[in-house]
Amino acid sequence: MKVNRLDDSIIVFLNNFFINDINYRDNKDLEKLLKIVIDKLKNYYDINVIGYYNVLVYIDKNYGLILEMIDENLEYMDCDEIIDARLKVINTNFLYKINDLINYSFEHKTYLYQDEIYIDILEDIDYIELGILLENSEIIYKNTQDIIKYGKVLKI
């Protein structure tokens with residue numbers, strides 16, 4: 001589990017290894033997962049999640065999911081421990097922004113888009129291959145369809 005904190009958002013990266021027992025395509029399981037994540041944020045990262053959140057759940061079959069928890073800054077009167085969240089599931093293909101062209105052993109497409117290079121995984125890969133890719137890239141989970149649609153496919 002990796003956590004990034006931005007202004008009014010908390011972004012939680014959960015790979016398949018972390019969530020292997022959870023059916024994240026089922027809303028009840030997603031709610032259970034969200035409770036587990038909120039507890040871990042409080043206990044291990046000292047991040048207290050209180051109030052109303054829009055939670056965007058980006059799902060990718062190879063990586064797992066990314067929770068983007070956006071604090072709506074609504075005021076609750078005299079309720080210090082209330083958490084309310086609205087979940088929205090977004091199925092997408094995560095892309096991986098890389099700096100150097102590396103010949104990966106798994107099937108993939110490489111895109112050039114706005115002077116950046118992106119990898120799109122086309123098959124299931126194991127944790128070792130995913131780990132190598134993650135060490136050498138940045139996960140892109142928003143607006144990936146623009147990159148796929150308008151990017152130039154590179155032949156390597």
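The legends below describe close-up views of a predicted model.

**View 1. The aromatic pair F13 and Y141.** The structure contains 5 aromatic pairs. In the pair of F13 and Y141, the ring centres are 6.4 Å apart and the planes stand at 90°, so the geometry is edge-to-face. F13 belongs to strand β2 (residues 9-15), whereas Y141 sits in the loop between β9 (137-140) and α3 (144-150), so the pair ties together parts that are 128 residues apart in sequence. Both F13 and Y141 are buried.

**View 2. Surroundings of the F13 ring.** F13 is part of one aromatic cluster, which also includes Y58, Y63, F94 and Y141. K2 lies over the face of F13, at 4.9 Å from the ring centre.

**View 3. An open sheet of 5 strands.** The strand order is β9-β6-β8-β7-β10, and the pairing is antiparallel. β9 and β10 (152-154) stand at the edges; each has a single partner strand, so one side of each is left without a neighbour in the sheet. From one strand to the next, the twist averages 35°.

**View 4. Pairing of strands β7 and β10.** Strands of a sheet pair through backbone hydrogen bonds, either parallel or antiparallel. Strand β7 (residues 108-113) pairs with β10 in the antiparallel sense, over 3 bridges. Opposite L112 stands K152, a residue of β10. β10 is one of the strands at the edges of the sheet.

Methods
Residues numbered from 1 in each chain as written. Predicted model: local features only at pLDDT ≥ 70, side-chain atom pairs only at ≥ 80, totals over all residues. Heavy atoms only, no water. Phe/Tyr/Trp six-rings, centres within 6.5 Å; stacked < 30°, edge-to-face > 60°. Helix = DSSP H or I, 4+ residues; strand = E, 2+ residues; numbered from the N terminus. Buried < 20%, exposed > 50% of the residue type's maximum accessible area, 1.4 Å probe, protein only. Lys NZ or Arg CZ within 6 Å of the ring centre and 35° of its normal. Pairing = 2+ DSSP bridges. Axes fitted to C-alpha atoms, helices over the stretch in contact; angles between N-to-C directions.
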